[in-house]
Amino acid sequence: YWLEAVSPFPEFWAWVQAVLTTLVLFGPGRRFFGPGLKAYRHLSPDMNSLVATGTGVAWFYSLWVLGFPAWFPEASRHLYFDSSAVVVAAVLWGKYLESLAKGQTSLALRKLIGLQSKTACLMDDQGQERAVPTALLKVGDCLVIRPGERITVDGLVKEGRAYVDESMLTGEPLPKIKGAGDRVTGGTVDLDGRLLIEATSVGRDTVLAQIV
C-alpha cells in the first residue's frame, strides 16, 4: 500500500500499468496482432490469434474499467493489464527458446550433411581401384576404405578389420571394432585399418541421407 501513499492521484499506478502494458502489447507484442487478425480473416485462427485475442480483450476491458468505472458493477471493476503483459512476455520468451533450439538443430544438420562424402574408392572385378563420385555408386559395389577416411555408404565388411568412429551418428564416444560380416554406416570414420565393404544402401537409402 505504500505505492498508493506516494501516488499523485488515486488511480495513478493503474494508469502507469495501462501505459506500460500498451507499450508491451503494441511494441514487441504487435507481432501477434497482424498475423492473428489475418488468420481470422482466412477462418483459420492460430496461436497468434489466441494470444492477440486474449491479451487484446484483457487490455481493452481493463482500459474501459479504468476510464469509465461507473459503467461497470463494483464487483467486476478488475484490471488485467499485468495479465496481458505477462502472457505476451511468456509467449515471446517461449519463441526465443524455440529459435535457439531450431538454431542448434540446424547446426547439427549441417554437421551431418558435412559427413556425406563426395567421392569413393571403387574396386572393380579386376581388383583395380579408382575414385568415383558417390552419386554413381550402386548396391553391390565393392569399396575400399583406408585409415582416416569416411565410410561413404552403408555396407557390409567383406575384408579387413578396423575401429570405426560412429559418434556423430549414434553419440557413442568409443569406437567400435568392425570386421568381416559386420555392417558399417555411411558417414562414420575408419580409424586405423583398411576395409573392403560391399555397398548395401546408396544415395537416399542410406541411414545418413534419411536423417538429413
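I began with helix H4, residues 47-67, which has 21 residues and reaches 30 Å from its first C-alpha to its last, close to the 30 Å expected at 1.5 Å a residue. I kept in mind throughout that this is a predicted model.

I then went through burial along the helix and noted Asn-48, Ser-49, Val-51, Ala-52, Thr-55, Gly-56, Ala-58, Trp-59, Ser-62, Val-65 and Leu-66 as buried. I set beside this the rule that an α-helix has 3.6 residues a turn, so residues three or four places apart point the same way.

Next I turned to the nonpolar cores. The largest has 16 residues, and I listed Leu-137, Leu-143, Ile-151, Val-153, Leu-195 and Ile-197 as those with the most contacts inside it. Strands S1 (119-123), S3 (142-145), S5 (162-165) and S9 (195-201) are the elements that give two or more residues to this core, and the largest share, three residues, comes from S9. Apart from this core I found another, of twelve residues, with Ala-18, Phe-32, Phe-33 and Trp-59 among them.

I looked up Leu-195 by itself: leaving aside residues up to four places away in sequence, Leu-195 touches partners including Leu-143, Val-144, Ile-145, Val-157, Ala-162 and Val-164, and also Glu-159, Arg-161, Lys-178 and Asp-190.

Last, I checked the cysteines. Cys-121 counts as buried because its relative accessibility is 13%, under the 20% cut-off, whereas Cys-142, with a relative accessible area of 25%, is partly exposed. My count of disulfides came to zero.

Notes: Residues are numbered from 1 along each chain as its sequence is written. This is a predicted model: local features need pLDDT of at least 70, side-chain atom pairs count only at pLDDT 80 or more; totals for chains, interfaces and linings use all residues. Side-chain values use heavy atoms; hydrogens and water are left out. Helices (H or I, at least four residues) and strands (E, at least two) are DSSP runs, numbered from the N terminus. The expected span of a helix is 1.5 Å times one less than its number of residues. Buried means under 20% relative accessible area, exposed over 50%, partly exposed in between (1.4 Å probe, protein chains only). A nonpolar core is a set of buried Ala, Val, Leu, Ile, Met, Phe, Trp, Tyr and Cys residues joined through side-chain atoms within 4.5 Å. Contact means heavy atoms within 4.5 Å. A disulfide is a pair of cysteine sulfur atoms within 2.5 Å.
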